[in-house]
Amino acid sequence: MKLIEVEKAILPTQWGEFMIFGFEEKKSGKNHIALVHGKINKNIPILSRVHSECLTGDAFFSLRCDCGVQLEMALKKIAEVGNGVLIYHRQEGRNIGLLNKIKAYALQDQGLDTVEANQKLGFSADERDFSLCADIFNILNIKKIRLLTNNPLKVTMLKKFGINIVERVPLIAEKNAKNFHYLKTKADKMGHLLK
């Protein structure tokens with residue numbers, strides 16, 4: 001395990017009450033969060049979302065991506081079914097960091113797509129470490145999940161790390177004029193299932 005659980009507390013939200021769990025990476029000290037709603041039964045597949053941090057979308061309501069909308073949709077769906085977990089995977093910009101993400105935005109402003117911008121900065125299209133999310137599921141004793149995602153790589157990586165994904169549940173946000181090319185790139189170059 002790369003993570004340890006540090007603390008948990010009640011987190012009331014507009015969708016209902018969640019328990020917020022804080023985790024710390026043993027090596028780096030970086031933090032990650034899990035929001036758990038309702039009772040978790042390890043024998044029943046739990047509706048789950050691995051949501052990678054996106055400050056611009058999640059906090060500043062950017063229209064360049066679908067992240068903030070997906071975060072809200074996931075919390076609402078989890079509350080509607082009565083139980084579930086959202087892992088807030090704190091690896092900003094597919095793990096290139098906030099400042100590099102802003103640099104990638106500047107390159108996108110010049111005509112590059114999100115994959116090309118990351119590569120021009122010396123990164124791969126996706127630098128995230130999903131083993132951390134598998135650790136969180138294991139610490140929470142969650143053995144079977146229904147994963148809210150459009151990203152087949154996320155499914156593959158979590159399965160690789162031993163997570164039993166019994167179903168992929170689509171989480172499709174509406175396109176807008178500002179995120180159309182971003183979503184098209186995710187579909188065309190990264191294999192996201194957006195239809």
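Contact here means heavy atoms within 4.5 Å.

**View 1. Helix α2 across the sheet of the predicted model.** Residues 67-81 make up helix α2, which lies across β2 (16-25), β3 (31-37), β4, β5 (84-89) and β6. Relative to β4, helix α2 runs at about 160 degrees.

**View 2. The open sheet of 7 strands.** Pairing in this sheet is mixed, and the strand order is β1-β2-β3-β5-β4-β6-β7. The edges are taken by β1 (3-13) and β7 (164-169); each has a single partner strand, so one side of each is left without a neighbour in the sheet. On average, and with direction ignored, neighbouring strands are turned by 25 degrees against each other.

**View 3. Pairing of β4 with β6.** Strand β4 covers residues 46-52 and strand β6 residues 144-148; the two pair in the parallel sense over 3 bridges. Within this pairing, I46 stands opposite I145 in β6.

**View 4. Helix α7 across β4, β6 and β7.** Helix α7 spans residues 152-160 and runs at about 170 degrees to β7. The strand β7 is also one of the two edge strands of the sheet.

**View 5. The aromatic pair of F21 and F23.** The count of aromatic pairs comes to 1. In this pair, F21 and F23 are stacked, with 6.5 Å centre to centre and 15 degrees between the planes. Planes under 30 degrees apart count as stacked. Both F21 and F23 are buried.

**View 6. R64 over the ring of Y105.** The charged end of R64 is placed over the Y105 ring, 4.2 Å from the ring centre.

Definitions and conventions:
Residues numbered from 1 in each chain as written. Predicted model: local features only at pLDDT ≥ 70, side-chain atom pairs only at ≥ 80, totals over all residues. Heavy atoms only, no water. Phe/Tyr/Trp six-rings, centres within 6.5 Å; stacked < 30°, edge-to-face > 60°. Buried < 20%, exposed > 50% of the residue type's maximum accessible area, 1.4 Å probe, protein only. Lys NZ or Arg CZ within 6 Å of the ring centre and 35° of its normal. Pairing = 2+ DSSP bridges. Helix = DSSP H or I, 4+ residues; strand = E, 2+ residues; numbered from the N terminus. Axes fitted to C-alpha atoms, helices over the stretch in contact; angles between N-to-C directions.
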